Amino acid sequence: MSIFKIVTDTTADLPKSFIEESDISVVEISFQLEGKVYGSADMTPVDFYAALRSGAMPSTQQANPYDIEKVCEPLMEQGNDVLYLCFSSGLSGTYGSALIAKSELKEKYPDRKFVVVDSLAASMGEGLLVYYAVKQRESGKTLEETAQWLEDNKLHLCMWFTVNDLFHLHRGGRVSKLSAVLGSVLNIKPVLHVDNAGKLIPMAKARGRKKSIDMLFEKLVATGIDVKDQTVFISHGDCEAEAVALGERIKNELGVKDVWVNFICPTIGTHSGAETIALFFLGTER
C-alpha cells in the first residue's frame, strides 16, 4: 500500500523545518512588486514588510492548474496518492485551479488517488490543518480517513486577526475609505475572523493595539477546546515581539504547552499589511 503525500500552498505559512521533516510538498503562490514576480524564496518577509512600510503596492495572483500539476504530477508518477490541502476558496481561486488539476491528473494516472480539501482557511490556519493532517497520517490513518477528519473538523478551526493599518483592508474592499481614515485618526483597530465560507469578516473594533490583541486572547479563552492539549499557531506581519508575547501569555495563563510563531507570507501580507497578528486554534465554532 502506498503512503500518501501531503501537498499545500506557500500561504500555509508553515516553518520550513516542519515542511522538510514532514515531507510536505508546497505549491508556490507568487506576488508581484514593482513589475517583478516573486516566489517565496525570492524575498525575505522582513524585506517585504519593509517595502510595504515604504509605500510599495504589491499584488497577488492565485495558483493556476499548471502550478499545482508541476508539484503533484511527479508524486503521482512515483506511485503516490496525493492529499492537497489548499488556500481558502473564499479568498482565492486556487481551489478551483486544484479541481482542474485533479481532473487532468486523474486522466493521466487513473490508478492514483488525488483528494482536494478546501481548507476554508488562510495563513497558519491553513497550516494548522496541514499540521493535523500530518498527525493523522503519522497515526496510521489512510488518505480517505485523513481527508474526512479534515472535513469534519475544519469548521472548528478558529482564525482571529487584528491589523495595524486599515488602508490595506480598504484596498482589499474589507472596509470603506471613510472607515480607514476615521479608524486611523481614532486609533481604532479592527478584529476580524475567517468565517464558515472561508471569507475574512470584520467582527469587532478595539481602541488601541493592546486591546485588539487582548481580544484575540479572549476569543481563545471563550471558545477554545481543551486548549492545554492543543498546539496553537500565531502568525505575524513582521511584529515578532508582539506575537511572541501573545504566545507566552497563552502558555503562562492557559497552560498551553506548544505555541508556534511564524511570519505571514507576502501573498497574504499584501492584503493584511505590516503588524498584523493572527491567532489559530481549535474551538467550539469559528
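1. Disulfides. Taking a disulfide as a pair of cysteine sulfur atoms within 2.5 Å, the count in this predicted model comes to zero. Cysteine 158 takes part in no disulfide, and the nearest cysteine sulfur, that of cysteine 86, is 20 Å away. Cysteine 265 is likewise in no disulfide; for this residue the nearest cysteine sulfur, again that of cysteine 86, is 14 Å away.

2. Burial of these cysteines. Residues are called buried under 20% relative accessible area, exposed over 50% and partly exposed in between, with a 1.4 Å probe and protein chains only. Cysteine 158 is buried, at 0% relative accessibility. Cysteine 265 is buried as well, with a relative accessible area of 11%.

3. Basis of the values. The model is predicted: local features need pLDDT of at least 70, side-chain atom pairs count only at pLDDT 80 or more, and totals for chains, interfaces and linings use all residues. Residues are numbered from 1 along each chain as its sequence is written, and side-chain values use heavy atoms, with hydrogens and water left out.

4. Backbone at two aspartates. Most residues other than glycine have a negative phi. Aspartate 226, although not a glycine, has a positive phi of about 45°. Aspartate 226 lies in the loop between helix 9 (209-223) and strand 11 (231-236), where helices (H or I, at least four residues) and strands (E, at least two) are DSSP runs numbered from the N terminus. With a relative accessible area of 55%, aspartate 226 is exposed. Aspartate 238 also has a positive phi, near 60°, and is placed in the loop between strand 11 and helix 10 (240-254).

5. Strands 9 and 10. Strand 9 (residues 188-194) and strand 10 (residues 200-207) run antiparallel and are joined by seven bridges; two strands pair if DSSP finds at least two bridges between them. Lysine 189 has alanine 206 in strand 10 as its bridge partner. The hairpin of these strands has five residues between them, and glycine 198 there takes a positive phi near 80°.

6. Largest pocket. A pocket is an open set of points on a 1 Å grid over the protein atoms alone where a 1.4 Å probe fits, with protein on both sides within 12 Å along at least five of seven lines; lining residues have an atom within 4 Å of a point. The largest pocket is lined by 18 residues, of which Thr10, Leu14, Lys16, Ile19 and Ser40 lie nearest its centre. Helix 1 (16-21) and strand 12 (258-263) each supply at least two lining residues, and the largest share, three residues, comes from helix 1.
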